[in-house]
Amino acid sequence: MISSYVGENAEFERQMLSGELDVELTPQGTLAEKCRAAQAGIPAFFTPAGYGTEVAEGKETREFNGKMHVMELAYKADFSIVKAWKGDEAGNLIFKGTARNFNACMAGAAKITIAEVEELVPVGTLNPNEIHIPGIMVNRIFQGEKFEKRIEQRTVRQK
Amino acid sequence: MLSKEDIAKRIAQEVKDGYYVNLGIGIPTLVANYVRTDISVEFQSENGVLGMGPFPFEGEEDADIINAGKQTITTLPGASFFDSAFSFGMIRAQKVDLTILGAMEVSENGDIANWKIPGKMVKGMGGAMDLVASAENIIVAMMHVNKAGESKILKKCTLPLTGVGCVKKVVTELAVLEITPKGFKLLERAPDVSVEDIIKATEADLIIEGDIPEMSIN
């Protein structure tokens, strides 16, 4: 299991601390870029994140412009499973709000990408100017049946 | 001694007109409430939004519009959404002017530890390692001592590091400290807190020059 933040998930933390689950914690920006690199055909990149910490142990480091960087490799995944707001039968995807987060980075970052969409529309319905991920990155697409959107931290203010 | 709100108020004074600011979870989140209203500031959340506004009114929450702390938020006019790779790109490229985050320990050379207590607590680093490695201006908001009464302002961090030599300033309930090439410099003390109180609560050495002014909070 590769992840960047597992806080607020007590069961996960227990499994990790007891050794039941093998977890590799990765800085969030590095995780995003390892996906993007896979998506973009870049085998590796250098980032300053994690330099001087246990995350950099055993990794190649190099100085650029007076600052130390750590070499990170692109992910090599078999499946990428993403969720989008709207999609068409050509696999073009549009995300909503901050739900673009890792969905847009992971689409196409594996051998096979499977996209679940809230609304699947015929080809030609979506405006090409508004596509976030072109269909070339998506291998399978389907419209989900039920979207119960749970909110983990419901924060509100009074009127 | 300052409350958490007061710490946030003091840090809000560091936010300047035109800044893009990233706020961490906890005290840093409160800073947004106290930034002057006559200046223009945009808040970035690393999951992928610029132009974050206040929490939504009850009944107007949207599960698809949240901050990095997974809290429901609103967006202000001029806001934008983007994916997480792009978001950390703008952080790495130093487009974000100020990063405010919490910490478990800070050392006199600017090292910070805030993501792991071996064998006890492992939440993960989230975006903290990327933020501290890239941001030019990093302010830490935290309590001066931990629950056991031990100083969190140290000569050397004891916990696994999040980043090295990166913190510029620390604001606690007792003091404002600047990290200089020679170590922690005491800039301000909290109301009704003496320099001696601060020295007593601090494991690291402090550079103290002249009279130390009292913080102005408001």
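## A helix across the sheet

Helix 3 of chain B, covering residues 84-92, lies across strand 1, strand 2 (42-45) and strand 3 (49-52) of that chain. Its direction makes an angle of about 120 degrees with strand 2 of chain B. Keep in mind that what you're looking at is a predicted model.

## The sheet in chain B

Now for the sheet itself. Chain B has an open sheet of 10 strands with mixed pairing, and the order reads 4-3-2-1-5-10-12-13-14-15. At the edges sit strand 4 (75-81) and strand 15 (206-207) of chain B, each pairing on one side only.

Which way do strand 1 and strand 5 of chain B run, parallel or antiparallel? Strand 1 (residues 20-23) and strand 5 (residues 98-101) of chain B run parallel, joined by 3 bridges. If you want a spot to look at, B:Val21 stands opposite B:Leu98 of strand 5. As background, strands in a sheet pair through backbone hydrogen bonds, parallel or antiparallel.

## Aromatic pairs

Over all chains, the count of aromatic pairs comes to 2. One of them is A:Phe46 with A:Phe64, an edge-to-face pair at 5.1 Å centre to centre, with 65 degrees between the planes. This pair links distant parts of the chain: A:Phe46 belongs to strand 3 (residues 44-47) of chain A and A:Phe64 to strand 4 (residues 61-64) of chain A, 18 residues apart. A:Phe46 counts as partly exposed at 24% relative accessibility, and A:Phe64 is partly exposed too, at 32%.

Over in chain B, the ring centres of B:Phe82 and B:Phe86 are 6.1 Å apart and the planes are at 45 degrees, so this pair is tilted. Why does B:Phe82 count as buried? Because its relative accessibility is 6%, and buried means under 20%. B:Phe86, on the other hand, counts as exposed at 53%, with the cut-off for exposed being over 50%.

## Charges over rings

There are a couple of charge-over-ring arrangements to look up. A:Lys86 lies over the face of A:Trp85, at 4.5 Å from the ring centre. Another runs from chain A to chain B: A:Arg157 lies over the face of B:Phe57, at 3.9 Å from the ring centre.

## Around B:Lys4

B:Lys4 is part of helix 1 (residues 4-12) of chain B. With a relative accessible area of 45%, B:Lys4 is partly exposed.

What does B:Lys4 touch, leaving aside residues up to four places away in sequence? Its contacts are B:Ile27, B:Leu30 and B:Met143. As for B:Val31, 27 residues from B:Lys4 along the chain, the C-alpha atoms of the two are separated by 9.9 Å.

Note on methods
Residues numbered from 1 in each chain as written. Chains lettered and ligands numbered in written order. Predicted model: local features only at pLDDT ≥ 70, side-chain atom pairs only at ≥ 80, totals over all residues. Heavy atoms only, no water. Pairing = 2+ DSSP bridges. Helix = DSSP H or I, 4+ residues; strand = E, 2+ residues; numbered from the N terminus. Contact = heavy atoms within 4.5 Å. Axes fitted to C-alpha atoms, helices over the stretch in contact; angles between N-to-C directions. Phe/Tyr/Trp six-rings, centres within 6.5 Å; stacked < 30°, edge-to-face > 60°. Buried < 20%, exposed > 50% of the residue type's maximum accessible area, 1.4 Å probe, protein only. Lys NZ or Arg CZ within 6 Å of the ring centre and 35° of its normal.
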